[in-house]
Structure formats: structure tokens, C-alpha cells
2 protein chains.
Amino acid sequence: MATPESERPGFLLPLLLLAGFRTLIDDLHAELARQGHPDLRPLHGFVLQAVGADGTTATELGQRLGISKQAAGKTVDRLVALGYLERADDPRDARRKLVRTTERGVDGLRRSAAVFDQLRARWAATLGADRVDAMEDDLRRVTPAHFFRLDVPGWFGG
Amino acid sequence: MATPESERPGFLLPLLLLAGFRTLIDDLHAELARQGHPDLRPLHGFVLQAVGADGTTATELGQRLGISKQAAGKTVDRLVALGYLERADDPRDARRKLVRTTERGVDGLRRSAAVFDQLRARWAATLGADRVDAMEDDLRRVTPAHFFRLDVPGWFGG
DNA sequence: GTACGATCGTCAACGTGGTTGTCCAAATCG
DNA sequence: CGATTTGGACAACCACGTTGACGATCGTAC
């Protein structure tokens, strides 16, 4: 109680949050690489998640991710080249190109979910399940809900 | 105790950590822009911090940030152009180009520290100071110490 | 039925940030 | 003194984002 805030400089908090995020993502992709998905990048998992089971279009994907339709289209191109997504014509609208996850994409998504669960369990084993729950609850209270913007590289970089 | 992990899917944890990091950084730069630093990007603060009060060289900066000397040099170029850093010759080694923060750079750093303190205080007001302390302590236990890699865009993106 | 506006996808140009490879100049070492 | 190491810069490239422009297609209003 006699410890003012000067004991805890504010700049450490974002650093620790970033470090936490990054270790989780790094561990995930190290494990995914071991499980046959060495080409999946951190961004790709979010994109696959955003495409979802029903498929979508590049424009809609851009809206979901908070990026332009052009950027979304380019990312889809790369994931198509890697075999995680596929394009198809929309029979009801010749302008639209449907984007769907392939079998490989579904496999990557399934494995990602499993690894994330394992990583969370590892944190719970270290910190206690209640502490991890509390961390999530607290973060939810200080961050906007429905947070799903993926313009991180551009945002972080420039 | 009767609630298995399925109640808390693991993929939310990294999302919440990222959201927490990002809201802090976004709020910081919105405030910095208001205080006369509209050109400071999220990355720049970390770079200025890494340059430090004593100055350094591009190669050393790259080592501190975990990026190549070329990448560090390019970032220094941009910060020099923005007036936050300056180069000088090393009188004792003609190969080395010293990199120092300018007055403007120091001002940005000082304001950043102040805003980070305010943001942390805001979290403490919402969650309770003990919860924020606990979050930091917990994160420290599950992340490598001395974590200061700044290759985030390249790491996240490619 | 046709003309018009909105929408989808793509192409092009550009900016930021990262990488590797190459090379020169300067310092250090034998 | 010559040989090696080191610092900085240049070039080419990749991943990711942006805006602007432009066909092709759809829906609608007339």
C-alpha cells in the first residue's frame, strides 16, 4: 500500500502482453511445423479462422479482418498457393469468387485449436487455472469486445 | 472444478493478449499524436528506447532488437528523417556511425513513459491495482526474461 | 429492354519493415 | 606489413499493408 505506481513503470505492461502473445504464437507454430505445417505463418491461422467453414469472398474477408479487399485478395493468393484455401466461382453471381478452406486448411485449423488448448493448459499448470481465467477476464474488461483486426503488420510497422 | 478446459478454448488467450497490447499501443499513439508527435509509429518507441541515452550504432542496435544490421540501419534512416535520431562520426573508429536520440526523440520518449503510466493507472482503476500487478507477475512467469525482440512485422507477417 | 449506379475482383504503384548477399573502408591481429 | 575481422551501405527480394483505377457483372429504375 505504500508502494506508489513508480514501482511499476507503465511501459512494462505492453511489453509483457506482447511477450505473452508472442511466446504462445511462436510455440504454436513450432508445433505446427512439427505436425506437417511448416509454411503456416502467424497471420495465416487468423485468416483461415476468418474464412470459416462456410467460405466467403475476398471483399467480405477484408471487412472481417479490417483490411482492404486488395490486401485480403493478396493474402488469399498466398494461402491458395500453399494449398490452404481454394477459389471457386459463385454460380449465382459471376462477379464473386468464393474462397473456401481446403482439407489441408481444415487440418491446420484443427491442429491449431488443439495446440492452443495445450498451451493454455500449460499456463494453467504453471500459474493455476484460476489465474489464467482471471487474466482472460481482466483483459476482456479493458479491451473492446469483438476485437478482430488483423492489420497488425501494417499497423505496427507503418 | 467440474468445468473442463473446453469451457475456455485456448485460442482466446493469445487474442486477448494481442488485444490488450494493441489497445495500449493505440491509445499511446493517439495521445502522442495529440501531444505533437503524430509521426511516431508503434515501432519507433521501441527503437528509441533501444538506442538509449548513451547512443549506439546500427549494428549494435540490430543485435539489441533481434534484427539484422541492415534493417536497423533502414529504421534509423527513417527516424533520422523524422528528426528523432541523429548520426555522428565516432572519433575513435572511423567505421562506426554513432546513433543518438535528438531533443525531439527524448521528448517523445519522456511523453511515452508518462502516457504508459497513465494507461496502466487506468487499468488499475478499472481492475484494481492488485489485478494488474498479478497480470504482470503471471506474464513474467510464462515468458522468457529479457524479452526484447522487435522483428514483429517480419515475424508476424513473413 | 435498356441505361445507370453499385459491387467484386484485379492490376498497378507505392510505403514500411524484414531478409540475404555483396562490397569497401577501416581497425585489429599475427 | 599483410591477412582477417568488423561496420556501414547498396541492391535485390519478400510479406503485408495502402490508394487509385478499371473492366465485368448485377440490380434497379425508367
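Mentor: Two strands pair if DSSP finds at least two bridges between them. Strands themselves are DSSP runs of type E with at least two residues, while helices are runs of type H or I with at least four, and both are numbered from the N terminus. This is a predicted model, in which local features need pLDDT of at least 70 and side-chain atom pairs count only at pLDDT 80 or more, whereas totals for chains, interfaces and linings use all residues. Residues are numbered from 1 along each chain as its sequence is written, and chains are lettered from A and ligands numbered from 1 in the order in which they are written.

Let us begin with the sheet of chain B. Its three strands form an open sheet in the order S1-S3-S2, with antiparallel pairing. Strand S1 (56-57) and strand S2 (85-90) of chain B are at the edges with a single partner strand each, so one side of each has no neighbour in the sheet. S2(B) and strand S3 (residues 93-101) of chain B run antiparallel and are joined by six bridges. Along this pair, Leu85(B) stands opposite Thr101(B) in S3(B), and Glu86(B) stands opposite Arg100(B) in S3(B). The link from S2(B) to S3(B) is a hairpin through two residues.

A helix belongs to this picture too. Helix H4 (residues 69-82) of chain B lies across S2 and S3 of chain B and runs at about 115 degrees to S2(B). Such angles run from 0 to 180 degrees between N-to-C directions, and axes are lines fitted to C-alpha atoms, for helices over the stretch in contact. Contact between two residues means that their C-beta atoms, placed from the backbone, lie within 7 Å.

Next, consider two other helices of the chain. H2(B) and H5(B) pack at an angle of about 110 degrees, and their axes are 10 Å apart. H2(B) is therefore roughly perpendicular to H5(B), a term for angles of 65 to 115 degrees (under 35 is roughly parallel, over 145 roughly antiparallel, and the rest oblique). Gly45(B), Leu48(B) and Gln49(B) of H2(B) make this contact with Gly105(B), Gly108(B), Leu109(B) and Ser112(B) of H5(B). By class, the contact has two nonpolar, five polar and no charged residues. Here Ala, Val, Leu, Ile, Met, Phe, Trp, Tyr, Cys and Pro count as nonpolar, Asp, Glu, Lys and Arg as charged, and the others, Gly among them, as polar.

Finally, we turn to the two chains together. In all, 46 residues of chain B are in contact with 46 residues of chain A. Helix H1 (12-34), helix H2 (42-51), helix H5 (103-127), helix H6 (129-142) and helix H7 (152-157) of chain B each supply at least two residues of the side that touches chain A. The most come from H1(B), with 12 residues. That side of chain B divides into 28 nonpolar, seven polar and 11 charged residues. Of the interface residues of chain B, 100% are also interface residues in chain A, so the copies meet through the same surface.

Two copies of a chain are related by a rotation about an axis and a shift along it. A rotation of 180 degrees with 0.0 Å of shift along its axis superposes chain B on chain A, with an RMSD of 0.1 Å. The copies are thus related as by a two-fold rotation axis, the superposition being by least squares on the C-alpha atoms of residues with pLDDT of at least 70 in both.
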